[in-house]
Amino acid sequence: MAKKDIDWGSLGFGYIKTDYRYVSNYKDGAWDEGEMTTDGNVVLSECAGVIQYAQTVFEGLKAYETEDGRLVTFRPDLNAERIEQSAKRLEIPVFPKDRFIDAVKKVVKANEDYVPPYGSGATLYLRPVLFGTNPVIGVKPANEYQFRIFGTPVGPYFKGGVKPLTIKVSDFDRAAPNGTGNIKAGLNYAMSLHAIVTAHAEGYDENMYLDPKTRTNVEETGGANFLFVTKDGKVVTPKSDSILPSITRRSLVYVAKHYLGLEAEERVIPFEEVKDMAECGLCGTAAVISPVGKIVDHGKEICLPSGMTEMGPITKKLYDTLTGIQMGRIEAPEGWIYEIK
Ligand SMILES: *Cc1c(COP(=O)(O)O)cnc(C)c1O
């Protein structure tokens with residue numbers, strides 16, 4: 001087997017069709033045994049539940065090559081558990097955790113030639129998705145579903161070097177109180193599209209959403225959790241029922257405590273406190289952490305002391321340690337790295 005002839009370093013974050021994907025269908029109350037297929041298209045009734053009422057949830061994780069040439073994924077068990085929570089909230093039947101992990105392995109193995117080489121900074125991004133397939137016109141859950149995992153190679157996140165982001169405090173909400181903000185559902189992203197297009201048109205990189213009930217506490221952006229470092233060197237991340245529990249953020253809090261000896265806590269963070277923070281970053285699978293340089297609240301600028309040219313020192317340590325763990329340069333906690341080959 002030989003790697004595909006792709007210029008890994010110049011890949012962006014877009015869809016490139018790979019050779020194989022995993023598909024399992026749910027019908028008459030049970031998942032079928034599932035199979036690998038080369039067919040990248042999904043053909044559905046015009047009235048399918050996913051099309052009419054957005055009954056769909058998804059996941060995102062990466063497969064990559066480590067320094068010593070192993071093919072691995074990072075904590076896929078947590079993606080399996082999270083899609084289970086997401087599915088339950090949208091009345092979608094659960095796809096079993098062991099089968100989820102097995103399907104991840106199958107997709108990576110079958111598309112081995114698309115896993116970018118170590119050192120390129122690129123990865124094979126995996127997208128599991130679970131959606132209602134049969135016709136639904138009266139509002140109710142579908143009774144047939146498809147679970148699918150495909151992969152697409154994506155480029156290094158910090159291509160031209162690290163560039164801290166400028167963020168706007170949004171007047172839109174991404175989630176309702178007691179709504180679906182804590183699950184990974186396409187509908188949350190549909191909600192966020194107008195807000196992000198607006199923010200980009202105004203020259204911002206991202207939106208900061210406040211808590212939808214009181215609009216006083218920090219929640220997250222459209223697709224990443226916040227992480228702050230206080231002036232006395234403590235790592236703090238927002239606690240809220242309406243943010244998505246990022247696996248990267250949870251891993252970084254662990255790394256802060258157990259690898260860097262820092263205090264780290266998840267707690268409510270009033271927006272009022274943000275002006276006193278030393279560092280700020282966005283956590284998610286794609287970037288691990290992208291540093292935030294400036295937060296703008298209706299014309300009032302908060303400039304993080306870490307500045308607009310590099311990561312803050314603690315953000316950088318967190319980033320280097322977690323990426324070191326992922327790439328096999330630093331010993332991982334038990335159970336974090338799933339070896340595929
Ligand atoms: C996926 C996602 C994240 C990041 O989660 P990871 O598990 O770290 O990739 C954060 N916020 C939202 C809204 C997301 O959908």
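**View 1. Contacts between domain 1 and domain 2 in a predicted model.** In this model, 21 residues of domain 1 are in contact (heavy atoms within 4.5 Å) with 19 residues of domain 2. Domain 1 covers 8-154 and domain 2 covers 165-326, with bounds from an automatic or database domain assignment. Their centres, taken over C-alpha atoms, lie 26 Å apart. Local features need pLDDT of at least 70 and side-chain atom pairs pLDDT 80 or more, whereas totals for chains, interfaces and linings use all residues. Residues are numbered from 1 along each chain as its sequence is written, and side-chain values use heavy atoms, without hydrogens and water.

**View 2. Area buried between domain 1 and domain 2.** The two domains bury about 1,600 Å² between them, 64% of it on carbon and sulfur atoms; buried area is the accessible area (1.4 Å probe) that two parts lose on being put together, summed over both. F58, F74 and R82 supply 37% of the area that domain 1 buries against domain 2, more than any other three residues.

**View 3. Polar contacts across the interface of domain 1 and domain 2.** Eight residue pairs, both members at pLDDT 80 or more, are in polar contact (a pair of N or O atoms within 3.5 Å; within protein, one must be able to donate a hydrogen and the other to accept it, and residues adjacent in sequence count only if both atoms are side-chain atoms).

**View 4. Elements on the side of domain 1 that touches domain 2.** β4 (56-58), β5 (61-65), β6 (71-74) and α2 (76-89) each supply at least two residues; helices (H or I, at least four residues) and strands (E, at least two) are DSSP runs, numbered from the N terminus. The most come from α2, with six residues.
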